[in-house]
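Subject: The structure for you to look at

Hi there,

Here is the structure I promised to pass on to you. Have a look at it first, and then read on for my notes.

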Amino acid sequence: MSTNRPKLVIPAVPDRADREILLSRLADFEAEQAGPLDIKHLAILLKDEAGATIGGLWGVSLFRWLIVELVFVPAHLRGQGLGRDIMAEAERIAIERGCIGIWLDTYDFQAPDFYESLGFVPFGAVFDQPPGHKRIFMQKRLAI
């Protein structure tokens, strides 16, 4: 039996390739424990007349949940229903993919009231992240 213990290395600039190795090994372990991840990425983009991305949603579905990682609507376009349209499309796609729910996180200075108006409910928070605010985790179960 080898007594060589792996060493801890902290690179000054982390390499994305190392992240991919960790992610791949974690995904293999998770699949062994809980079945296929069935990872599918999702982008719902807002484009201007020139075709440039100016907002939208970025997420991933796995283990039958859609995880919304990013949502952004430019300030000058807010209040026009674009956020509702984006989230409705995400929900439609999640149901199409067989997801049982959607979860996301938002800050108290972002859009928790907006997400609650769409049927999301808080299930946790991290206080003082950033200091003086909180990060709120929300979920919505889907009727499939």
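A word on names before anything else: helices (H or I, at least four residues) and strands (E, at least two) are DSSP runs, numbered from the N terminus. This is a predicted model, in which local features need pLDDT of at least 70, side-chain atom pairs count only at pLDDT 80 or more, and totals for chains, interfaces and linings use all residues. Residues are numbered from 1 along each chain as its sequence is written, and side-chain values use heavy atoms, with hydrogens and water left out.

**Pockets**

Rolling a probe the size of a water molecule over the atoms shows where empty space is left. On a 1 Å grid over the protein atoms alone, a pocket is an open set of points where a 1.4 Å probe fits, with protein on both sides within 12 Å along at least five of seven lines; lining residues have an atom within 4 Å of a point. Grid points are joined across faces, edges and corners, and a volume is the space filled by probe spheres set on the points.

The largest pocket holds about 510 Å³ of space. It is lined by 22 residues, and the closest to its centre are Val 71, Phe 72, Val 73, Ala 111 and Tyr 115. β3, α2, β4 and α3 (112–117) each supply at least two residues of this lining, and β3 has the largest share, with 5 residues. By class, the lining has 12 nonpolar, 6 polar and 4 charged residues. Here Ala, Val, Leu, Ile, Met, Phe, Trp, Tyr, Cys and Pro count as nonpolar, Asp, Glu, Lys and Arg as charged, and the others, Gly among them, as polar.

The second largest pocket has about 330 Å³ of space. Of its 14 lining residues, Arg 19, Leu 23, Ile 39, His 41 and Val 60 are the closest to the centre. α1 (16–34), β2 (53–62) and β3 each give at least two residues to this lining, and α1 gives the most, with 7 residues. The lining divides into 8 nonpolar, 1 polar and 5 charged residues.

**Cores**

A nonpolar core is a set of buried Ala, Val, Leu, Ile, Met, Phe, Trp, Tyr and Cys residues joined through side-chain atoms within 4.5 Å. Buried means under 20% relative accessible area, exposed over 50%, and partly exposed in between (1.4 Å probe, protein chains only).

The largest nonpolar core has 22 residues, and Leu 57, Leu 66 and Phe 120 have the most contacts inside it. β1 (40–47), β3 (65–72), α2 (82–96), β4 (101–107) and β6 (134–141) each supply at least two of its residues. α2 gives the most to this core, with 5 residues. Apart from it lies another core, of 5 residues, including Ala 27, Leu 37, Val 60 and Leu 62.

What does Phe 120 touch, not counting residues up to four places away in sequence? With contact meaning heavy atoms within 4.5 Å, Phe 120 touches Met 87, Ile 102, Leu 104, Tyr 115, Met 138, Gln 139 and Lys 140.

**Strand β6 and its partners**

Two strands pair if DSSP finds at least two bridges between them. β4 and β6 pair in the antiparallel sense over 7 bridges, and Leu 104 has Met 138 in β6 as its bridge partner. β5 (121–127) and β6 are also an antiparallel pair, over 6 bridges. In that pairing, Gly 124 stands opposite Phe 137 and Ala 125 stands opposite Ile 136.

Is Met 138 buried or exposed? Met 138 counts as buried, because its relative accessibility is 0%. Leaving aside neighbours within four places in sequence, its contacts include Trp 103, Thr 106, Pro 112 and Phe 123.

**Loops**

β5 and β6 form a hairpin with 6 residues between them. In that loop, Asp 128 has a phi near 60°, a positive value in a residue other than glycine. Asp 128 counts as exposed, because its relative accessibility is 53%. Pro 130 is found in the loop between β5 and β6 too, and the peptide bond from Gln 129 to Pro 130 is cis, with omega near 0°.

Asp 38, in the loop between α1 and β1, also has a positive phi, near 50°. Asp 38 is partly exposed, with a relative accessible area of 47%.

Happy exploring!
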